[in-house]
Amino acid sequence: MRSYSSYIEDLRKALPQNRASIESIGALRAHGREYDLVKIILGEGNPKKVFISAGIHGDESAGISAIRALLDNQVFKEFAAKWEMTLLPCVNPTGYEQDTRTNHAGEDLNRLFKSKSPPVEVRLVQKVLDSRFDLVLDLHEDLDSPGLYLYMKGMPTTDDGLGRKVIEAMKLFMPVNMEPMIEEVSAEGGLLANLPDPGQMDWWPLAMYAIDSGSRTSLTLETSTDFSMERRVSCHLAAIQTAMRNYAGQNEL
Ligand SMILES: [Zn+2]
């Protein structure tokens, strides 16, 4: 079985020496144990703020590994003057350990961000998101898609340049899902930018909660599990770096 605590311990060891912190944002009790959800901050106080989360679906492991790779590869160095990075490395610890999409209670956490009494994992993520970000990146995988795609929300729908650039960078590692409809949403070259506004939806994923609570732009990245873990992780890393490099931020918070 995969161990959440050893994953977190590995992250702790991989943290940069300067301007990096890791702290608990609260605990989840399950299986007679306590799981501390953690938040890593790199470059605290920098003007631009990015939020990156992984593992809300426990069986989508490339995103979780990408957070580790981001630290190992010192990706932050390039952005150290400009970006404050907030990383939630594994939002669904019980799902991660059991290799399931849902948590220990069978809940799909990424459907419950509009719930009146959300599970503790969701409440802890909401609290972090309430401080609002320029850019919100949620790392996912699709077990059925033949290729990558991404959801984009927040900028005017005509301005899909950032999403396009991110897809260009990701497709070095795997093909793009070119279907005109993906997950019942119209898609163009793997970009799902035609999303409803939060007020029109009965349920919210993390990204919609982020937009509704004042974050500027969200990208939900989906890699296909048809490809090797190495490619999937590289794909997520390339997406993160490209999104941060090209984020124009024409509307400041
Ligand atoms: Zn997912």
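## Basis

Residues are numbered from 1 along each chain as its sequence is written. Because the model is predicted, local features need pLDDT of at least 70 and side-chain atom pairs count only at pLDDT 80 or more, while totals for chains, interfaces and linings use all residues.

Helices are DSSP runs of H or I with at least four residues, numbered from the N terminus.

## Helix α2

Helix α2 has 12 residues and reaches 17 Å from its first C-alpha to its last, close to the expected 16 Å, which is 1.5 Å times one less than the number of residues. Nine of the 12 residues are buried (20 or more other C-beta atoms within 10 Å of the residue's own, C-beta atoms being placed from the backbone), among them Ile64, Ile67 and Leu71. Gln74, with a positive phi near 50°, follows α2.

## Packing of α2 and α7

The axes of α2 (residues 61-72) and α7 come within 9 Å and cross at roughly 65°; axes are lines fitted to C-alpha atoms over the stretch in contact, with angles from 0 to 180 degrees between N-to-C directions. Ala62, Gly63, Ser65, Ala66, Ala69 and Leu70 in α2 meet Met229, Arg232, Val233, His236, Leu237 and Ile240 in α7, a contact being C-beta atoms, placed from the backbone, within 7 Å.

Technical notes
Helices (H or I, at least four residues) and strands (E, at least two) are DSSP runs, numbered from the N terminus. Two residues are in contact if their C-beta atoms, placed from the backbone, lie within 7 Å.
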